[in-house]
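Q: Could you walk me through reading a few features of a model? I would like the general idea and then the case at hand.

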Amino acid sequence: KILAKILLQLRANESVALQKIIIRYHGKILTIDETKVVTGSLLKEVVRAMGNAQANYINARIAAEELGLTIHEELIENDAPEYAFLLEIGMGSGDLTRRIAGTILGKRGARIVEIDDYALEARPSDIMLIVENEDRPGVIGRIGTLLGQNSINIAHFHLGRVEGTNRALAIINVDNEVPEKVLEELKAIEWIKSASLVKL
C-alpha cells in the first residue's frame with residue numbers, strides 16, 4: 001500500500017495514462033490468501049487514485065480491470081534476493097514503466113530499497129522529497145541549505161546511485177510541510193533533474 005502510494009505520486013506528472021501494473025513477490029513466498037490481501041490493498045490505492053472511491057481490497061482487481069488496466073502478478077521464490085522478502089511494483093504504459101521495491105526488516109520496519117534503477121534503503125515517512133540529480137559535489141549541500149532557509153527540518157537523508165553513471169536519487173524524510181514555492185526552487189537548482197513531494 002505504501003509503495004503503491006509513492007509510485008502513484010511519482011507518476012503524477014506523466015502525460016501517458018496508466019495502462020499496466022506489474023506486481024512481483026520475490027524470495028519468501030506468501031500464501032495465496034496473503035498475496036490476495038497485499039495485491040488487493042495496493043490495487044485499491046490505484047483504483048481510488050483513478051476516481052473509484054468505493055474500491056476495497058476485495059473488489060479492487062475487478063475494478064482495475066474495468067478501468068482498462070492490465071495486471072501482471074508473479075511469485076518468484078528462488079531468485080535469492082538480498083532481502084528474505086521483496087515486493088516489487090511497476091506501473092506504466094507501453095515500454096515506459098516506473099518501478100519501486102520494498103521489504104520489511106524485522107523490528108526496524110518497512111524500507112524502500114529500490115526506485116527505478118536506484119538501490120538504497122530508506123524509511124517511509126508521512127512527508128518525503130524524492131529528488132533525482134546529477135551526482136556532483138555540492139548538490140546535497142544546496143538541497144540542505146534551501147530546506148534549512150525555509151525552516152524545513154530533515155529527519156533522514158537516503159542516497160542511491162547508479163554505479164558507472166553520474167545519476168543519483170535521494171529520499172529525504174522531512175518533519176514539516178514543503179510549500180509549492182520551495183519545491184519549485186528545489187527543481188530550479190542546477191543539476192537537479194526532478195523533485196517530487198510524496199505524502200503518505
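Q: Which residues does K1 touch, not counting residues up to four places away in sequence?

A: Contact means heavy atoms within 4.5 Å. By that rule, K1 touches L42 and E45. K1 is placed in the segment before α1 (2–10); helices (H or I, at least four residues) and strands (E, at least two) are DSSP runs, numbered from the N terminus. This is a predicted model: local features need pLDDT of at least 70, side-chain atom pairs count only at pLDDT 80 or more, and totals for chains, interfaces and linings use all residues. Residues are numbered from 1 along each chain as its sequence is written, and side-chain values use heavy atoms, with hydrogens and water left out.

Q: How many salt bridges does a search of the whole structure find?

A: A salt bridge is a side-chain nitrogen of Lys or Arg within 4 Å of a carboxyl oxygen of Asp or Glu. The search finds 13. One of them joins E74 and R24, with the closest N and O atoms 2.8 Å apart. This pair links distant parts of the chain, as E74 is in strand β2 (residues 70–76) and R24 in strand β1, 50 residues apart.
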